[in-house]
Amino acid sequence: MQKKNQLTSPEIANLWAHYIRETLSICVNKYMLHTIQDPEIHSLFQIALHYSLNHIETLKVLFKKEGFPIPKGFKEEEDVNLEAPPLFTDALCLQSLYMMSTHGHNEMSLSFTTSIRQDIVDFYYQCNLDAMEIYKESKDLLISKQLYQQPPTYITPDKVEMIERYHYVTDVFGKQRPMNTIESGHTYFNLHKTLIAKAMVLGFSQVSKNKNVSALLQKSLQVKNRHIDTFSSLLTKDNLHLPKSCETEVTDSSISPFSERLMLLQTGFFFGVAVTYYNAALIASMRADISAHCEKAALNSLWIYSRIGKDMIDNQWMEQPPQADDRKRLDY
């Protein structure tokens, strides 16, 4: 018999995945707190870590309350070397926090909207507020330090216009119309995130000692470079400025601060969310060639994501998500 207020499958999935992500973030943020010199950036990371630790405590209480096994996740003693020298500059640490808070807010919003039980709804309501605060504070800090990269601006239109010809969408060959604001906005946003993710993966590849992981990280960089070339070209053709690359924000350290498992899963996360954002850009784009580029980028990202998943399973590094009962195997 089903218990009253039993967790639904989306609630279980959200809590389980949240625990994995949050423990990974704690390991990364603790390391960055040991390397960051800028007092303002250091203070913001302390706030972010405080929120993550609070979330983990709430998640543990929920798991215990439901008699649900607490996931392994990531642990400081296994997955991070706090004594490792800086792998990323303070600026890249801040950029990564800004990017991850964007992703975190999207994940928390989805968890909030798919939850039913009041305590879970209240928890994700607060998680959303926490993620929005980190996003706002990290963006404000980037702006104050002149590190924020503003998307392209357009001249304000003076009248409303309607699309009159199918060529607005289908004109692929010859002279193409300029990108509209929706298309350029998505292109710039995805390109900026790709540049930050590439720098992080570059750092991981620099310190990885596992042959298979290192090879997979190199393939990941190749895919990121192709995406950077493609979407940079789209903006350049319309004389729109590009976000700055972040490779120079990776130090020359060869000592890994993270376990191979953590670096591989974090890289997989970058590609997993890229699939979502490229598909959002595909749907929003009204120029066929841009949609095609977004579709190809999403498929490339999905391919790398699946390769990372295979390697995680081969190394027994991937926790199995909660399963539904296999009723065909139940004894009656």
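## Helices H1 and H4

In this predicted model, the axes of helix H1 (residues 9-35) and helix H4 cross at roughly 165 degrees. An angle over 145 degrees counts as roughly antiparallel, so H1 and H4 are roughly antiparallel to each other. Their axes come within 12 Å. The crossing is left-handed.

H1 brings Asn14, His18, Arg21, Glu22, Met32 and Thr35 to the contact. H4 brings Asp90, Cys93, Ser96, Glu107, Met108 and Ser111. By class, these residues split into three nonpolar, five polar and four charged.

## Helices H7 and H9

Helix H7 covers residues 181-207, and helix H9 covers residues 260-284. Their axes come within 10 Å and cross at roughly 170 degrees. H7 and H9 are therefore roughly antiparallel to each other.

On the H7 side, the contact uses Ile182, His186, Phe189, Asn190, Lys193, Thr194, Ala197, Met200, Val201, Phe204 and Val207. On the H9 side, the partners are Met263, Gln266, Thr267, Phe270, Tyr277, Tyr278, Ala280, Ala281 and Ala284. What classes do the residues of the contact of H7 with H9 divide into? There are 14 nonpolar, five polar and one charged.

## The cavity

How many cavities of 30 Å³ or more does the count give? The count is one. The largest cavity holds about 70 Å³ of space.

Its lining consists of Met99, His103, Asn190, Lys193, Thr194, Ala197, Lys224, Phe270, Val273, Ala274 and Tyr278. Helices H4 (90-113), H7 and H9 each give two or more residues to this lining. By class, the lining has six nonpolar, three polar and two charged residues.

Conventions
Residues numbered from 1 in each chain as written. Predicted model: local features only at pLDDT ≥ 70, side-chain atom pairs only at ≥ 80, totals over all residues. Heavy atoms only, no water. Axes fitted to C-alpha atoms, helices over the stretch in contact; angles between N-to-C directions. Helix = DSSP H or I, 4+ residues; strand = E, 2+ residues; numbered from the N terminus. Parallel < 35°, antiparallel > 145°, perpendicular 65-115°, else oblique. Contact = heavy atoms within 4.5 Å. Nonpolar A, V, L, I, M, F, W, Y, C, P; charged D, E, K, R; others polar. 1 Å grid on protein atoms, 1.4 Å probe; cavity = no way out; pocket = protein on both sides within 12 Å on 5 of 7 lines; lining within 4 Å. Points joined across faces, edges and corners; volume = space filled by probe spheres on them. Left-handed = near helix turned anticlockwise from the far one by under 90°.
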